[in-house]
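Here is a note on the structure, written as numbered points. Please read each point with the model open beside it.

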Amino acid sequence: VYVELAKSLMRAGKLDDAGALLRQAEELKPDLPELWMVKGEILGHRQKYPEAVAAFNRASTLAPRYPRPHHGAGVVLALMGDFQAAGAAMNRALALDPNYPEANCGLGAILLRLGQTLEAIPRYEKAIADRPNYLEARADLALAYEKAGRLKDAASQYEALAQATTDESFFRFQRASLGQAEPPSAAPPQL
């Protein structure tokens, strides 16, 4: 119960309160993998990256078949700039669950950052296949398609984003900037 409450508090941005509940949970059940998973997320939000990675590693040791801690560690390692270790962590998550959209998207982002655009594209495509409304993956896929010179595919992703978000004018502008639609009369206000 403490861990679930801590998750809710963390999502609400109440990190101190969430941390206090986790300390109580740790006193009662220190070997609960989800406790260490949430602790890693809180530490990541606080930019205490080495401690976050240690918490995620503890969670994965306690639950070896649980992919989320590997994904969490991958996110934090990428934030630390260690893209090789981050990619390895994402691959461990995907070895446990190949249909894990966040891990596929995360690995795509790492590959894109490393300049491996052609390898990133299938990761984003897989994330969207597993979760069609995954807008972050769709936006990243559009960028990867652009970098690969697949402008029609990028435009298609921007059109899907325009229809699925409140940023319709921005994504339609992006599509037009690729030469795949009529240019708008003015740039959207976000630019």
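1. The contact between H3 and H4 involves Pro33, Trp36, Met37, Lys39, Gly40, Glu41, Leu43 and Gly44 from H3. On the H4 side, the residues that meet them are Tyr49, Glu51, Ala52, Ala55, Phe56, Arg58, Ala59 and Leu62. Contact means heavy atoms within 4.5 Å. Helices (H or I, at least four residues) and strands (E, at least two) are DSSP runs, numbered from the N terminus.

2. This is a predicted model, in which local features need pLDDT of at least 70 and side-chain atom pairs count only at pLDDT 80 or more, while totals for chains, interfaces and linings use all residues. Residues are numbered from 1 along each chain as its sequence is written, and side-chain values use heavy atoms, with hydrogens and water left out.

3. How do H3 and H4 (residues 49-62) pack? Their axes are 8 Å apart, at an angle of about 165°. Axes are lines fitted to C-alpha atoms, for helices over the stretch in contact, and angles run from 0 to 180 degrees between N-to-C directions. H3 and H4 are therefore roughly antiparallel. Angles under 35 degrees count as roughly parallel, over 145 as roughly antiparallel, 65 to 115 as roughly perpendicular and the rest as oblique. The crossing of H3 past H4 is left-handed, a term used if the near helix is turned anticlockwise from the far one by less than a right angle (right-handed if clockwise).

4. Proline 33 belongs to helix H3. Its relative accessible area is 19%, so proline 33 is buried. Buried means under 20% relative accessible area, exposed over 50%, and partly exposed in between (1.4 Å probe, protein chains only). Beyond its neighbours within four places in sequence, proline 33 is in contact with Ala59, Leu62 and Ala63. Alanine 109 is 76 residues from proline 33 in sequence, and their C-alpha atoms are 26 Å apart in space.

5. Serine 60 is a residue of helix H4. Serine 60 counts as buried because its relative accessibility is 13%. Not counting residues up to four places away in sequence, serine 60 touches Pro69 and His70.

6. The loop between H3 and H4 contains glutamine 47. Is this residue buried or exposed? Glutamine 47 counts as exposed, because its relative accessibility is 58%. Although glutamine 47 is not a glycine, its phi is positive, at about 60°. Most residues other than glycine have a negative phi.

7. H3 also packs against H1, at an angle of about 20° and with the axes 10 Å apart. That makes the two helices, H1 and H3, roughly parallel. H1 passes H3 in a left-handed crossing. Val3, Ala6, Lys7 and Met10 are the H1 residues that meet Glu34, Leu35, Val38, Glu41, Ile42 and His45 in H3.

8. Which residues of H2 are buried? They are Leu15, Ala18, Gly19, Leu21, Leu22 and Ala25. These residues lie on the same side of H2 because they cover an arc of only 165° around the axis, the arc being that of the directions from the helix axis to the C-beta atoms. Helix H1 (2-11) and helix H3 (33-45) are among what covers the buried residues of H2. The face turned away from the buried side of H2 carries the exposed residues Asp16, Arg23, Glu27 and Leu28.

9. H2 (residues 15-28) has 14 residues and reaches 20 Å from its first C-alpha to its last, close to the expected 20 Å. The expected span of a helix is 1.5 Å times one less than its number of residues.

10. Tyrosine 145 sits in helix H9 (residues 135-147). With a relative accessible area of 6%, tyrosine 145 is buried. Leaving out residues up to four places away in sequence, tyrosine 145 touches Ile121, Glu125, Arg150, Asp153, Ala154 and Gln157. In helix H10 (residues 151-164), the buried residues are Ala154, Ala155, Gln157, Tyr158, Glu159, Leu161 and Ala162.

11. On the chain as a whole, there are eleven helices and zero strands. Buried residues make up 42% of the 191 residues. The C-alpha atoms fill a box of roughly 60 × 30 × 25 Å, taken along the principal axes. Of the contacts between residues at least 6 apart in sequence, 39% join residues at least 24 apart.
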